[in-house]
Amino acid sequence: MAITDVVVPQLSESVSEATLLTWKKQAGAAVEADEILIEIETDKVVLEVPAPASGVLAEIVEADGATVTSGQLIAKIDTAAQAAAAPAAAPKAEAAAPAAAPAAAAAAPASSGSAGIASPAAAKILAEKGVDAGSVAGTGRDGRVTKADAQGASAAPAKAAAAAPAPTTLSLDGRPEQRVPMSRLRARIAERLLQSQQENAILTTFNEVNMQAVIDLRNKYKEKFEKEHGVKLGFMSFFVKAAVAALKKYPLINASIDGKDIIYHGYFDIGIAVGSPRGLVVPILRNADQLSLAEIEKTIADFGKRAAEGKLGIEEMTGGTFSISNGGVFGSMLSTPIINPPQSAILGVHATKERPVVEKGQIVIRPINYLALSYDHRIIDGREAVLGLVAMKDALEDPQRLLLDL
């Protein structure tokens with residue numbers, strides 16, 4: 001027997017532990033080198049753990065839902081064994097799984113792949129309904145059963161339901177409620193936002209921007225831009241460029257607090273808030289001042305795609321000196337964004353709508369976007385915040401200023 005260990009990959013310094021999701025193979029199954037065996041959820045990302053060698057999955061040491069740390073042994077692969085000689089018995093880890101997590105254990109199917117596999121939250125809902133995960137058509141990646149799939153699944157017939165745990169999420173008067181644990185990411189988001197509210201003196205200043213110049217510029221060049229660069233010319237690249245221009249003029253907005261010290265950052269790493277099925281993530285545009293509009297658009301598009309697939313790396317969401325949150329893509333008119341610690345400011349971008357405004361004594365219709373800049377009043381005074389937002393407004397209303405560094 002030649003055993004190769006499967007261990008938890010190295011987590012970042014800011015991540016102390018993670019949670020195993022659902023094993024894609026059972027003990028005794030043949031595996032190929034680099035085949036994904038399981039996904040691990042941290043409070044920032046979902047990591048895929050590939051098989052380090054080909055062989056037979058001899059033992060699953062840690063079951064679905066287990067809490068693990070960097071380098072911890074989670075399974076063993078026998079590189080000398082043949083799949084036909086693999087034991088038919090259920091994995092040891094499943095037999096030893098704690099009673100407190102029956103849903104996760106029940107979600108492990110006999111077949112490989114993700115079809116019939118439910119996420120921990122979905123598995124709990126299905127267990128309460130008495131529904132087998134294998135009978136639900138999953139809409140998640142590789143056929144995985146998501147929470148939404150589980151919520152829409154029909155309850156099993158009465159006989160089958162009788163053998164399942166009694167539903168605890170239905171009230172007596174027929175008004176349903178569901179109780180599911182937060183994912184690590186959602187719990188971390190809650191923790192960080194509460195920390196931000198408690199530790200920062202948050203104040204928000206607002207301004208309105210006439211987006212006509214940007215819209216005209218985009219309409220004039222969008223076809224040539226896409227043909228030349230292979231990506232659509234959106235609006236976020238303009239907001240990023242405008243933000244960087246303002247941060248250069250008012251460095252405090254790009255600074256952060258460390259104890260009683262103020263750290264002035266001589267670089268511009270802009271966090272872009274991206275919605276994902278698991279929650280809000282903020283990947284970082286490194287050295288945004290050195291990126292072209294095309295590079296910014298390509299990077300943001302890549303962030304969005306990989307956030308939806310859960311494939312953003314921890315290092316891609318670490319750091320950042322300033323953030324931009326675009327609630328406008330969802331139709332938001334106005335909001336007060338919360339600072340992403342340890343940063344000291346965040347720009348909230350909203351939906352651009354035609355609105356009546358007064359120009360030279362006349363009421364005219366213009367495409368207006370309301371910008372909101374939330375800042376930490378401990379180090380940023382109202383003057384810098386207001387002037388910084390005005391600098392962003394000026395850059396957007398006259399995009400040529402960005403080319404001339406004005």
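Predicted model: local features only at pLDDT ≥ 70, side-chain atom pairs only at ≥ 80, totals over all residues.
**Entry 1, confidence.** I began with the pLDDT values. The chain averages 81, and 80% of the residues score at least 70.

I looked up how helix 8 (residues 236–249) lies against helix 10 (residues 382–397). Their axes come within 8 Å and cross at roughly 135°. Angles over 145 degrees would count as roughly antiparallel and 65 to 115 as roughly perpendicular, so I noted this pair as oblique. The crossing of helix 8 past helix 10 is right-handed. On the helix 8 side, I listed F238, F239, A242, A243, A246 and K249 as the contact residues. Helix 10 contributes G388, A391, M392, A395 and L396. Sorted by class, the contact has nine nonpolar residues, one polar and one charged.

I traced the order of an open sheet of four strands and wrote down 1-8-6-3, with antiparallel pairing. Strand 1 (3–7) and strand 3 (30–31) are the edges, each pairing on one side only. Within this sheet I checked strand 6 (residues 55–60) against strand 8 (residues 73–78). Four bridges join strand 6 and strand 8 in the antiparallel sense.

Which strands pair with strand 19 (residues 362–376), among them strand 9 (residues 202–210)? I found strand 9 joined to strand 19 by nine bridges, antiparallel. In that pairing V209 stands opposite N369. Strand 17 (residues 345–349) is another partner, antiparallel over four bridges. There I recorded L347 opposite L373 of strand 19. Strand 18 (residues 353–359) also runs antiparallel to strand 19, and seven bridges join them.

I then went to the turn between strand 18 and strand 19. E359 has Q362 of strand 19 as its bridge partner. How many residues lie between the strands of this hairpin? I counted two. K360 takes a positive phi near 55° in this hairpin.

Key. Residues numbered from 1 in each chain as written. Heavy atoms only, no water. pLDDT = per-residue confidence, 0-100. Axes fitted to C-alpha atoms, helices over the stretch in contact; angles between N-to-C directions. Parallel < 35°, antiparallel > 145°, perpendicular 65-115°, else oblique. Left-handed = near helix turned anticlockwise from the far one by under 90°. Contact = heavy atoms within 4.5 Å. Nonpolar A, V, L, I, M, F, W, Y, C, P; charged D, E, K, R; others polar. Pairing = 2+ DSSP bridges.
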